[in-house]
Amino acid sequence: MIRVVTLDSFDEKQIAKLCQTLYTAFGVGSEHSDQKEVPAGMSEPLDAEKLISELKGVRAYEDDKVLFVTSRKLKEREVPGGKAPTTGYALYNKNRAIISTHGYKDFEASFKPIARNALQQIGHLWGLHHCLDPRCAMYPPWTPSFGSGEPSFCTFCRDKSEQKLRLAKS
Ligand SMILES: [Zn+2]
Ligand SMILES: [Zn+2]
């Protein structure tokens, strides 16, 4: 199960739509399961890795994947060629990831890039790497075309995520 945990207030309808998109992409249940506070003492821009490692009291079973959603800015990170805004972060092959909607004026109008980012971070939790197909949600997020694509995977990444899911279940 994919558990969406919000860290700020969002339109419940948009979060429900995000869960539906995750369900369609991965074929596993997804729900808005909790709302948490950013720990006191952590200020913007948030250190994504520190934040998701330190958030306590999140209800989840061992095989669950938790996606935190914040509207606050995440700290920039080093990428090939300089610094880039961080829209998401995942503990690769583990259970926790985060996306930020910072920089998008409106969740509804920016639904595709937000959902695409969510797919990519959760994809990383299942061990998916970046993909060279520009139509795929695993395409590198710092590319200019990333935000205009659909929230879905190419056949290769879809098959790979299904394989990982089968392994996790058995
Ligand atoms: Zn990535
Ligand atoms: Zn792909």
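## Ground rules

A residue counts as buried here when its relative accessible area is under 20%, as exposed when over 50%, and as partly exposed in between. Keep in mind that this is a predicted model. With that cut-off, Asp 8 counts as buried because its relative accessibility is 12%.

## Asp 8 and its partner

Asp 8 is in the loop between E1 and helix H1 (12-26), while Arg 72 is in the loop between strand E3 (65-70) and strand E4 (74-79), so the pair ties together parts that are 64 residues apart in sequence. Arg 72 has a relative accessible area of 24%, so this residue is partly exposed.

The salt bridge count comes to 10. Take Glu 31 and Arg 3, whose side chains meet at 3.6 Å, N to O. This one links distant parts of the chain, with Glu 31 in strand E2 (residues 30-35) and Arg 3 in strand E1 (residues 2-6), 28 residues apart. Arg 3 is buried, at a relative accessible area of 9%, whereas Glu 31 is partly exposed at 35%. There's also a network of salt bridges here, linking Arg 3, Glu 31 and Asp 64.

For a pair within one helix, look at Glu 162 and Arg 158. Their side chains form a salt bridge of 2.7 Å, N to O. Both residues lie in helix H4 (residues 155-169), 4 residues apart, which is about one turn of the helix. Glu 162 is partly exposed at 27% relative accessibility, and Arg 158 is partly exposed at 27% as well.

## Charge on the surface

Some acidic residues gather into a patch of negative charge on the surface: Asp 11, Glu 12, Asp 106 and Glu 108. If you want to find Glu 108, go to the loop between strand E7 (96-100) and helix H3 (111-125).

## Two prolines

Pro 113 is a helix residue, found in H3. At 12% relative accessibility, Pro 113 counts as buried.

Pro 45 turns up in the loop between E2 and helix H2 (48-54). The peptide bond joining Glu 44 and Pro 45 is cis, with an omega of about -5 degrees.

The bond between Glu 44 and Pro 45 is cis. Asn 93 has a positive phi of about 65 degrees although this residue is not a glycine.

You'll find Asn 93 in the loop between strand E6 (88-90) and E7. With a relative accessible area of 45%, Asn 93 is partly exposed.

Note on methods:
Residues are numbered from 1 along each chain as its sequence is written. Chains are lettered from A and ligands numbered from 1 in the order in which they are written. This is a predicted model: local features need pLDDT of at least 70, side-chain atom pairs count only at pLDDT 80 or more; totals for chains, interfaces and linings use all residues. Side-chain values use heavy atoms; hydrogens and water are left out. Patches are made of residues with over 30% relative accessible area and no salt bridge: like charges are joined within 9 Å, nonpolar side chains (Val, Leu, Ile, Met, Phe, Trp, Tyr) within 5 Å. Accessible areas come from the Shrake-Rupley method with a 1.4 Å probe; for residues, only the protein chains shown count as cover. A salt bridge is a side-chain nitrogen of Lys or Arg within 4 Å of a carboxyl oxygen of Asp or Glu. Lys and Arg count as positive and Asp and Glu as negative; His and the chain ends are not counted. The place of a charge is taken as NZ of Lys, CZ of Arg, CG of Asp or CD of Glu. Buried means under 20% relative accessible area, exposed over 50%, partly exposed in between (1.4 Å probe, protein chains only).
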